[in-house]
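Here are a few exercises to work through with the model open beside you. Try each one before reading its solution.

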Amino acid sequence: MCCFSPVGGLLARLRPLRVSATRILATPLADGWQGLVYAMQLSTPAEVAMLLPLPTRAALGDEALHFVNLEGYGELFDDLEAAFPRPLPRGGPVALGAPRAPLPVHRVGAFDASFVPGLADMDRLDPRFRIPAATWAALPGVAARGFAVFQLRKGAGAVHPMALRFASARPDQLFFPTVHIHDGAVHPTARFDHTLFAQGVAPGAGWRSTGRAARIDLDIDRCKGLVDGSAPLSRRALTGVLPNADTWVDRG
């Protein structure tokens, strides 16, 4: 799920936070770990934090997630899109509690990022970026998750890929954080503008594969170990009004 801390004040009411063109890459890694890369178009009138609740392995605590700096591969998703040229339909082309030590803050490219091991550790996060407890209570399964937090600056434009690897509590599946919480509330449906990319998924169910090694389409060295250069890439689009839920895919 993609959750944004509320942006208050008159400016926010006049110019609400807007997110579009979300692109997510999920990859299987060794020993039950998963790679995750997230990018989007964002317009926000004030500094805001994006929280990604992830199915991390609780027993590993603070070591269940590692951030990866992909600032040097800002065009990763452009390369991923180029690997899947759009077919031309007939008729021609179509345009498309007690105080505790604060959580460590990591500089990851253009972002400041933190990992919150669980809901019980939310009091260690900067108060400006917390989401009300009632919001989390409305989401099933969140109590068992860890949270990757990215501090985003105000303005409008593309956000360079945010990347991490985490020890998954469900290593037989790939996880895509696709629940929307953009206004502090959980709605049963949401408007999706998402493109999902993956490795290691079974064909079908809307997934389209390149059928060739990823190294042909991507600069594997700049992927920082998150992509297997010998395995194919797969793509699936989620668009329109859909159930507001995260996406799980069996590893193929």
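The exercises below go from a strand to a loop residue, then to cores and rings.

This is a predicted model, where local features need pLDDT of at least 70, side-chain atom pairs count only at pLDDT 80 or more, and totals for chains, interfaces and linings use all residues. Residues are numbered from 1 along each chain as its sequence is written, and side-chain values use heavy atoms, with hydrogens and water left out.

**Exercise 1.** Describe the surroundings of strand 8 and find its partners.

*Solution.* Strands here are DSSP runs (E, at least two residues), numbered from the N terminus. Then turn to pairing, which requires at least two DSSP bridges between two strands. Strand 4 (residues 48–54) runs antiparallel to strand 8, joined by 7 bridges, and Met-50 stands opposite Phe-150. Strand 7 (residues 111–116) is also antiparallel to strand 8, over 5 bridges; there Phe-115 has Ala-148 as its bridge partner.

**Exercise 2.** Is Gln-199 buried or exposed, and what does its side chain reach?

*Solution.* First locate Gln-199 in the loop between strand 12 (189–198) and strand 13 (208–209). With a relative accessible area of 3%, Gln-199 is buried. Its side chain reaches the backbone oxygen of Asp-228 at 2.9 Å. Beyond neighbours within four places in sequence, the contacts of Gln-199 (heavy atoms within 4.5 Å) include Thr-27, Leu-174, Val-227 and Pro-232.

**Exercise 3.** Which residues have the most contacts inside the largest nonpolar core?

*Solution.* A nonpolar core is a set of buried Ala, Val, Leu, Ile, Met, Phe, Trp, Tyr and Cys residues joined through side-chain atoms within 4.5 Å. The largest has 35 residues, and those with the most contacts inside it are Met-50, Leu-54, Phe-67, Phe-150, Leu-152, Leu-164 and Phe-176. Apart from it lies another core of 22 residues, including Tyr-73 and Phe-77.

**Exercise 4.** How many aromatic pairs does the structure hold?

*Solution.* Rings of Phe, Tyr and Trp (its six-membered ring) pair if their centres lie within 6.5 Å; planes under 30 degrees apart count as stacked, over 60 as edge-to-face and the rest as tilted. The structure holds 5 such pairs. Phe-67 and Phe-150 have ring centres 5.5 Å apart and planes at 80 degrees, so they are edge-to-face. For Phe-84 and Phe-197, the values are 6.1 Å and 45 degrees, so that pair is tilted.

Methods: Buried < 20%, exposed > 50% of the residue type's maximum accessible area, 1.4 Å probe, protein only. Helix = DSSP H or I, 4+ residues; strand = E, 2+ residues; numbered from the N terminus. Polar contact = N/O pair within 3.5 Å; in protein donor to acceptor, adjacent residues only side chain to side chain.
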